[in-house]
Amino acid sequence: MAPNSSTRFGRRSVLTAAGVAAGSGAITGFPTIWAQNIKNVTLRQFGTGVSNLNAVAEKVKQDLGFTLEMTALDTDAVTQKAVTQPKSYDIADIEYFAIKKVFPTGVMQPMDAKKIKLVDKIVPIFTKGKLTPDSKPAQGTTPYSVGFVDGPNGKTFAAGQTGWMTLIPTIYNADTLGIRPDLIGRPINNWKDLVDPAFKGKASIMNIPSIGIMDAAMVMESLGTLKYADKGNMTKPEIDKTIAFLIDTKKSGQFRAFWKSFDESVNLMASGEVIIQSMWSPAVAAVRSKGIACKYQPLAEGYRAWAGGLGMAKHLSGLELDAAYEYINWYLSGWVGAYLNRQGYYSAVLETAKENMSPDEWGYWIEGKPAQNDILSPEGKVMEKAGAVRDGGSFYERMGRVACWNSVMTEDRYMVQKWNEFIAA
Amino acid sequence: MVVDQGAVRAPRNLVPFVTFLQAAPLAAVLIVFLLLPMFALVVVSFFDYNSVQIIPAFEFTNYTDVLGSAVTWRTYLNTLRFTVIVWVVTAVLGFTIAYVLAFEIRSRTAQLVLFLVCTVPFLTSNIIRMISWIPFLGREGLLNSTLLKLGLIHQPLEFLLFSDFAVVLAYTHLYVLFMITPIFNTMMRIDRRLLEAALDGGAGWWRTVVEVILPLSKSGLAIGSIFVVTMVMGDFITVRLMSGGQSASVGLMIANQIASLQYPAACANAVVLLAVVLTMIAAILRIVDIRKEL
């Protein structure tokens, strides 16, 4: 059979019955052996907790027949493992700002866009650099700027779209401040409210240097004390001023604590230790699921966005490489997209996700419409009651108001040193 | 094999060789798991790095960065401050508890049972033991809400959690057993006739404790101190969790550097920390000869 005859079959039948897949020409003619082989394939994926979901691994086993082993780590540990233990994984589920550090080390291989069936359907933020043709470009490490390399062996990022992708986007979102509307006592509209003395001892900021400094920069710009050329790539004097500001704020007793992991942020908020802090969307959902009021407050200055994607380890080849492409194509085909959208993230190919969501779910999560019925989490727990409207509104309202993307700065080394001063102060 | 058979009736000149062979397994373990990693640590501490990789080189930048920065000094001072406070608290507590166990409890069974009771909390992971303080000490935690209900306070006590107090409390809870055990052990070896002699000589309870029991428990105290000092000096997780990330320790500084892939800087820091801790241990051993008194 011709190598790409698989297009004639559904994805599932390809792997379970026909036993032929694109690119597996070498073993054509032994379909049954291949079909059994794929069951023995185990792909080792690691990433942050947000998208390393057991439900995905189970569905992969069911739909594609092979085993997906997941390891969840925190943001920093993901970067570290990707660079220092490149043989220990097959698929890296990693953030775009981290890939800026990781890809140039040569531990990963670019993906051939021709083998990604839905590549043209991926949200244009990733493939064109803009959400809509007339969107303003955001600051920071945009996924587009680190999404492509020039060829199959490329290690440096291409200036525009090419046929070789570093990551296939999985999830992304627009982050803002989380508040406890029941305890905060006044409307919150700006990033500068984080450092309002009224919330002394009740505010928190995350202790992940590369992201925390961006939140601080949003606050600084909101206060009007500093205007950055690029918040995602600060100059040394800009870093100095930002850190000096953070140290002053810390010494004045503004912060109750600094958090590093998702759970910490949930606990700080749920326990009432903190009433305003940098937060991630599912953490807000987790606080709300305890029956505690928590709002993901949209702010006038816009959002700080982030995106993650799946990338392939350099050592992947042959059958495992085929399985990895198969997995990525499956990832974009809708089921996972719907699952992620239902958690409050956005998925890479919205059209296929839509087919897997009810019109009400689609309306609530993506279009920003009031929920007609109760909105359930992927596990079937009630997340929002009928009538609720998503904080920040629709996909276009939220992703269209991104002020900057999570970044790695040129002065990264200096910034981390200064950040340590802030923590030690 | 010649050597194996030779072990019993070895010619005199083979004996040292056999001794070496007997020490070989331990030596091999120490070389592979201690000396080689330490060697790597020292080597990498002279490397250069950028945000993605480490670059083999021989330069002192990492050391000048570490030693030349005011943050390092402040962080070391802070870590030393925690170490001294925790050392004093655990030493006093450890000595008192061990004294009660060894001298006040007469029955052997009761002694054993009570000692085991001391170890019960240590059957759980130390992270869990630490985290369990958080809901207890929080602003809306058990302690604050109880005190508020009893009318003893009108505002929640904020210093209880995410503060230096919380850090010292957690350290004490985590490490006091490492003091109790060696002190209890040395106390149990004290010849009871010495206490009778002290009594006969007219010494009161306080003098007996200070002039007989305390000097004879020195080796236990020294061993406990080594444990506590090394653990507090190297800790990063207790400081982070209990201070809510507000306080810094040398370990935390190293952890942050590792997280940012700044391995050479972390190595240089680790080498400095190692030197400081070894000096402290040397000082303890200088004051108390633990082998003599074991």
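In which sense do E10(A) and strand E11 (residues 255–259) of chain A pair, and over how many bridges? They pair in the parallel sense, over four bridges. Keep in mind that this is a predicted model: local features need pLDDT of at least 70, side-chain atom pairs count only at pLDDT 80 or more, and totals for chains, interfaces and linings use all residues. Residues are numbered from 1 along each chain as its sequence is written, while chains are lettered from A and ligands numbered from 1 in the order in which they are written.

**Around strand E10**

- Strands here are DSSP runs (E, at least two residues) and helices are too (H or I, at least four), numbered from the N terminus; two strands pair if DSSP finds at least two bridges between them.

**A three-stranded sheet**

- Chain A also has an open, antiparallel sheet of three strands in the order E5-E8-E7.
- Its edge strands, E5 (111–112) and E7 (148–149), each pair on one side only.
- E7(A) meets strand E8 (residues 164–165) over two bridges, and A:Phe148 has A:Met165 as its bridge partner.

**Two domains in chain A**

- The assignment gives domain 1 (5–173 + 305–355) and domain 2 (175–302 + 401–424); such bounds come from an automatic or database domain assignment.
- The domain centres, taken over C-alpha atoms, are 31 Å apart.
- Their contact takes 20 residues from domain 1 and 19 residues from domain 2, where contact means C-beta atoms, placed from the backbone, within 7 Å.
- On the domain 1 side, H5(A) supplies the largest share, three residues.

**Chain A against chain B**

- This contact takes 27 residues from chain A and 21 residues from chain B.
- H4, E11 and helix H17 (412–424) of chain A each supply at least two residues to the chain A side, and H17(A) gives the most, with seven residues.

Note on methods:
Two residues are in contact if their C-beta atoms, placed from the backbone, lie within 7 Å.
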